[in-house]
Amino acid sequence: MSLLIAEEVGKNYQVGEVVIPALRGVSFAIDPASFVSFIGPSGSGKTTLLNLIGCLDMPTSGRLTVAGADVGTLDRKQSASFRGANIGFIFQDFNLLPVLTVSENIEYPLLMVQKVPPGERRRRVTALLEAVGMVDQQDKYPDQISGGQKQRVAVARALVTNPKLVLADEPTANLDHQTAYMVLNLMKKMRDEFKTTFIFSTHDQKIVGEAEIIYLLEDGELKGKEVKGGKNNG
Amino acid sequence: MANLFKIAVRNLLRYKRRTLLTASLITVGVVFVLVFVAVAGSFKNMMIGQITDSMIGHVQVHRKGFVASIETLPLNLNLKGGAIARLEKILDAQPEVEAYSPRVKFGGMFSNFTETSSIRLTAIDPEREFKTVPLLPGRVTAGSKELKTGGILIPELLARGMKVKPGDPVVIVATNADGSVNGKQFTVTGVMESATGPGGRDGYIHLGDARELLRMEDRQVSEYAVRLKKFGNLAAFSAKLEGILAGELNQQGKPLFEVHAWEKLSPFFNIARMIDLMTLFIKLMLIAIVLISIMNVMIMAVYERIREIGTIAAIGTQPGKILSMFVIEGFCMGVAGALIGNSVGIGIVQLLNILKIRYDFGQQQGIVLQAGISPADILVISATVIVVSVIASLQPAFKASRMEPIKALRHV
């Protein structure tokens with residue numbers, strides 16, 4: 001059964017009296033434990049689509065089902081609860097909380113969103129610190145570590161709640177190539193280890209090759225789908 | 001909750017200079033209010049003490065209608081035999097009463113055998129009077145503080161104007177209730193300053209002398225001055241005594257007595273009220289300082305952390321928790337300002353007491369300032385600061401909690 005089903009999903013933005021279509025009837029399905037990339041030029045609708053999948057926004061038309069929930073029907077509190085339980089986020093600018101240490105940043109969703117008991121919290125944080133290779137940096141604050149390390153912490157934070165889905169919008173945009181590959185390999189490793197679905201957007205052609213399924217977006221429309229080892233159009 | 005506090009405190013420490021400035025502003029406000037309350041309170045208490053303990057007493061009881069005619073000191077409105085006995089029995093039964101003193105008040109002419117002037121006289125039982133208004137003997141600036149039969153304590157103004165000194169013979173002439181004029185020779189026992197300023201014309205004689213001078217055949221009393229064990233019980237006791245005495249009726253079935261607390265009898269009560277009003281305005285200024293400074297800081301904090309708010313909201317933090325985070329920041333700043341302000345304020349008040357600052361009030365000179373803050377004052381001021389801090393944080397916190405994560409994440 002698919003983890004994510006998009007049926008003719010559309011999203012319009014109103015700017016003054018002008019309606020701008022950001023997504024036009026996009027349909028696709030993604031299975032659990034996939035490693036998927038949405039690619040396309042700026043303004044193609046990648047971020048809009050990821051925001052819809054992440055329940056941060058609502059579709060204007062169509063139906064989008066994530067982990068069995070129709071995201072168009074969730075209210076503000078339900079969306080927050082749904083995200084906290086099912087979705088992890090990795091941001092382009094890392095978005096770590098500057099007042100928390102590395103381990104506290106990873107622990108944050110367990111503490112403030114899911115209310116996990118202290119023992120279990122410690123166990124999960126330690127496991128992820130080891131998995132992303134940040135054990136030695138766990139007491140440092142975000143401004144004391146490098147960009148690549150910040151993104152590794154962000155990956156750990158996204159995975160700590162054992163989400164079904166991790167969304168990453170341009171996760172390597174602010175990283176050099178070597179670090180970008182390292183982060184992507186880490187994400188893939190985490191997918192293998194935790195069976196979590198990863199969906200990321202990028203416009204970096206070198207990074208795209210790391211994805212197992214690639215969707216091409218142009219002008220808000222899905223123009224193609226490439227599965228590693230073959231190519232599907234439409 | 002502990003984690004919310006931890007995050008709030010770290011966020012406050014993140015902008016050390018701004019937090020320090022805001023906390024300093026609150027601290028200055030709290031210090032200002034505490035010192036003002038302590039000094040103004042000290043002055044007010046001293047003033048009330050001077051008025052009540054050297055002249056009026058805490059409460060006075062008269063025959064109904066006496067106070068309305070007090071300018072003429074009407075002898076026909078004196079309390080007599082049965083009423084005096086009933087009133088004294090009631091006063092004896094009140095556990096709140098420390099002492100009470102009967103007085104006869106009347107007007108007369110004061111003569112030094114060459115000149116004559118008017119005088120207002122209060123006839124007292126010295127032993128009971130000094131228990132009721134214990135600062136009265138302290139007003140005697142020359143001569144003896146003891147008042148015996150045949151002696152008179154005269155006001156400083158009269159002594160100076162009539163060139164009379166302790167030991168001099170004088171004559172008091174007064175009209176009794178029947179209208180006949182009587183005179184009696186007295187010896188000046190002492191000269192006393194006025195409790196309220198240089199204009200006083202009040203003298204004191206013994207009750208026995210008043211009876212003789214006014215040809216009173218039976219015991220008469222113009223007023224009873226009452227001193228309470230605890231001044232703080234004044235309002236409750238006045239109400240209680242009024243209730244009790246309301247049941248005491250004259251032969252016409254009308255109330256026999258009237259009760260007045262000191263506030264109703266002294267114009268200085270208005271000054272006391274003015275001090276209270278000034279204190280209220282100072283407290284309102286503190287509220288304004290806290291409200292504006294905290295709100296300003298929290299609005300800035302929300303604006304600067306929009307992306308962080310977007311991040312925690314995207315991760316799944318509930319709006320209520322985001323609201324709590326910012327409200328707790330305001331709360332912590334209020335607590336810090338109140339704690340530091342109270343510490344500094346108490347320190348300054350202690351310093352004022354150590355310095356023994358002196359000031360004059362009326363005829364009293366060199367009164368030592370005794371600034372004091374009650375725990376209730378500290379609690380009320382602290383609670384006000386903290387509650388206002390929380391209220392000031394609510395609007396920015398609410399704004400943060402209602403922020404759309406998608407818009408917040410896009411914020412640059």
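Helices (H or I, at least four residues) and strands (E, at least two) are DSSP runs, numbered from the N terminus. The model is predicted: local features need pLDDT of at least 70, side-chain atom pairs count only at pLDDT 80 or more, and totals for chains, interfaces and linings use all residues. Residues are numbered from 1 along each chain as its sequence is written, chains are lettered from A and ligands numbered from 1 in the order in which they are written, and side-chain values use heavy atoms, with hydrogens and water left out.

The patch covers about 430 Å². B:Leu291, B:Ile292, B:Val387, B:Ile391 and B:Leu394 make it up. H12(B) gives the most, with 3 residues. B:Ile292 belongs to helix H9 of chain B. Patches are made of residues with over 30% relative accessible area and no salt bridge; like charges are joined within 9 Å, and nonpolar side chains (Val, Leu, Ile, Met, Phe, Trp, Tyr) within 5 Å. Accessible areas come from the Shrake-Rupley method with a 1.4 Å probe, and for residues only the protein chains shown count as cover.

Chain B also touches chain A. In this interface, 28 residues of chain B are in contact (heavy atoms within 4.5 Å) with 28 residues of chain A. The two chains bury about 2,400 Å² between them, 57% of it on carbon and sulfur atoms. Buried area is the accessible area (1.4 Å probe) that two parts lose on being put together, summed over both. B:Arg10, B:Ile315 and B:Ile406 supply 25% of the area that chain B buries against chain A, more than any other three residues.

Between chain B and chain A there are 4 salt bridges. A salt bridge is a side-chain nitrogen of Lys or Arg within 4 Å of a carboxyl oxygen of Asp or Glu. Over all chains, the structure holds 33 salt bridges. B:Lys6 forms a salt bridge with A:Glu104, with the closest N and O atoms 3.3 Å apart. This pair crosses between chains, from helix H1 of chain B to helix H3 (residues 102-113) of chain A. B:Glu404 forms a salt bridge with A:Arg76; here the closest N and O atoms are 3.4 Å apart. Helix H1 (2-14), helix H10 (306-315), helix H11 (319-355) and helix H13 (405-410) of chain B each give two or more residues to the side that touches chain A.
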